[in-house]
Amino acid sequence: MAGWLSREANGRIAGVIRVGAGLAALMELLASTGRMLALAEPDATRLPIIEPVATLIYAGAPAILLIWLLSGFAFTAGFATPVSGAILAAVMFALVTGDAQLYSNHAYLIAISVAMLTASGAGSSFSIDGRRKGTDALPAAAWTIRAIRVQVTIMYLFAAAAKMNPSFLSGSVLSASLRRDGIAFPEALISFESMFVLSLLVIASELFLAWALWRHRWRRWAFVLGLALHGGIVLTMYSAWDLATFSVVTLALYIAFLDAPRQGRTVVWDDSCGFCGTWVRWFRRLDWLDALRFVPLSRLPTSDLSVTRTEALDALHTVGPRGTHRAFGAVVEVLSVLPISFLWAPLLSLPPIKAIGERAYARVARSRTCAVGSGPSGVQPENRFA
Amino acid sequence: MASSPTGVSSIHLSGPSRRVEWGQRILLALVVVGLAAEVVVAATAFTGARPNRYGWQMYSAVPYVPRAWAVAASGEKRPVMVDDLFVTTRAEIDLVEFLIVSGCQVIQADSLNIELPDGHIEMVPCT
């Protein structure tokens, strides 16, 4: 038990998830403001769930909204996180237990996520608190990340099970929910047969996600499916803002499944090339999980890496848990651990896209103009591959 | 305190470490209890009509929106736009139960006629 408790994980994972959950809480604030203020009107129809909580909301809606706003920003930024997180979690739980008209499943998920993240110390990294207290580099307890994974699984399992009923399987729910304007599902395709098949696919997707996110071999395809599912419902169904809020918090929680140990992947790059340097700068900026270690060509001899100088001059390389990758493959490896791209990066390894990517990388590498040298003689542009 | 052969004393710093470990154990217990409670609540929600709150039952069924009429003493019937009675409608809200229990408080009428899912008309006197 002690050993299990002491296992460590990348502290940045909880920190980045915290930002996603915080943003979702702020999105929900925008959606709930009108409703809460309307419920505060004395002649509004009220449907209290827990009477004292509801009374508090009706009487103090403006104050609660302000507290929500301030704690939401503070939690997202990781400022006084234990306090701001506790307050935000309390506000979110009040929202889903106050009045039935304010309840939503995504608000429920945000409440649980904020509570878990606060309890697990998600303010220690990727946060203002982390910078001030110098805790950014500290690891997190691995079991806290695992608990977030369990939460995602619980949600998908129950969501799938709840849909196994005649009403959903008849396709009537999807048919009523699909947009008829904007990015619309073609009306001609909306039939019993097609909606029945779509209903089965939705259930199968949720069950697959509950299982595949835990499987190392299938995880990246679960990321892609999750993006397709949650992105697809935002684009094709009514209540886009609510669905977008749900997608933001759920896809942020996916980061808990990412295999991204701190500086667990090494990127070998040509530091004598300004073009390459620009890419590396962007990779560093977007490496919010601090999962990448950058080794420039000039330091390659003193490193213990198996990449040779000739190989490193030829193309970008990554060395990590999935072996050594070069060129376009190395780019894909980098993208697979960046929070903004890990959901769709696996698509780049599909045969037709991979082939196009490799040709494009080779063409860019051949035609790039690298600025070499920075001494008194100035910078000499050189097309190394002409 | 133990002394090594070199004479340097070593202090067994067990206090803070043990406190941290106990803190972690308590935190773990709270999280486990919380997740377990969530599962119990979600499982309980399954026993009710779909969709239900706290059960991750989003988009699991089409809610029944009853037709209703406000009936005056003269017998004149006026259709009620049920959705318009609320700040916002949620699929989890049992509109039939609401109309039966609280309909007379929010609708000006001498009685209410509410169409139930089986087609039966429930008459609720308001006086």
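How many helices and strands does chain B have? In this predicted model, chain B has two helices and six strands. Along the sequence these elements follow the pattern β-β-α-β-β-α-β-β. Chain B has 127 residues, of which 31% are buried.

The loop between helix H1 (14-45) and strand E3 (68-71) of chain B contains Pro51(B). The peptide bond that leads from Arg50(B) to Pro51(B) is cis, and its omega is near -15°. Trp56(B) is also found in the loop between H1 and E3 of chain B. Its phi is near 60°, a positive value in a residue other than glycine. Trp56(B) counts as buried because its relative accessibility is 0%, and buried means under 20%.

In chain A, four strands form an open sheet with the order E4-E3-E5-E6 and mixed pairing. Strand E4 (292-296) and strand E6 of chain A are the edge strands, each pairing on one side only. From one strand to the next, the twist averages 20°. Strands of a sheet pair through backbone hydrogen bonds, in either the parallel or the antiparallel sense. Strand E3 (residues 265-269) of chain A pairs with E4(A) in the parallel sense, over five bridges. Here Thr266(A) stands opposite Arg293(A) in E4(A). Two helices are described next. Helix H13 (residues 274-286) of chain A packs on the sheet and touches E3 and E4 of chain A. The direction of H13(A) makes about 160° with that of E3(A). H15(A) also packs on the sheet, where it touches E3, E4, E5 and E6 of chain A. The direction of H15(A) makes about 120° with that of E6(A).

In the antiparallel sense, strand E5 (residues 317-320) of chain A pairs with strand E6 (residues 323-326) of chain A over four bridges. E5(A) and E6(A) form a hairpin, with two residues between them. Val319(A) has Thr324(A) in E6(A) as its bridge partner.

Two packed helices are described by the angle between their axes and by the distance between the axes. For helix H7 (residues 142-162) and helix H12 (residues 240-253) of chain A, the axes come within 9 Å and cross at roughly 130°. H7(A) is therefore oblique to H12(A). On the H7(A) side, Ile148(A), Val152(A), Met155(A) and Tyr156(A) take part, and they meet Phe246(A), Thr250(A) and Leu253(A) in H12(A). The residues of this contact between H7(A) and H12(A) divide into six nonpolar, one polar and no charged.

Two loop residues of chain A complete the description. Gln263(A) has its place in the loop between H12 and E3 of chain A. The phi of Gln263(A) is near 50°, a positive value in a residue other than glycine. Gln263(A) has a relative accessible area of 37% and is therefore partly exposed. A polar atom of the side chain of Ser341(A) lies 2.6 Å from the backbone oxygen of Leu335(A).

How values were computed:
Residues numbered from 1 in each chain as written. Chains lettered and ligands numbered in written order. Predicted model: local features only at pLDDT ≥ 70, side-chain atom pairs only at ≥ 80, totals over all residues. Heavy atoms only, no water. Polar contact = N/O pair within 3.5 Å; in protein donor to acceptor, adjacent residues only side chain to side chain. Pairing = 2+ DSSP bridges. Axes fitted to C-alpha atoms, helices over the stretch in contact; angles between N-to-C directions. Parallel < 35°, antiparallel > 145°, perpendicular 65-115°, else oblique. Contact = heavy atoms within 4.5 Å. Nonpolar A, V, L, I, M, F, W, Y, C, P; charged D, E, K, R; others polar. Buried < 20%, exposed > 50% of the residue type's maximum accessible area, 1.4 Å probe, protein only.
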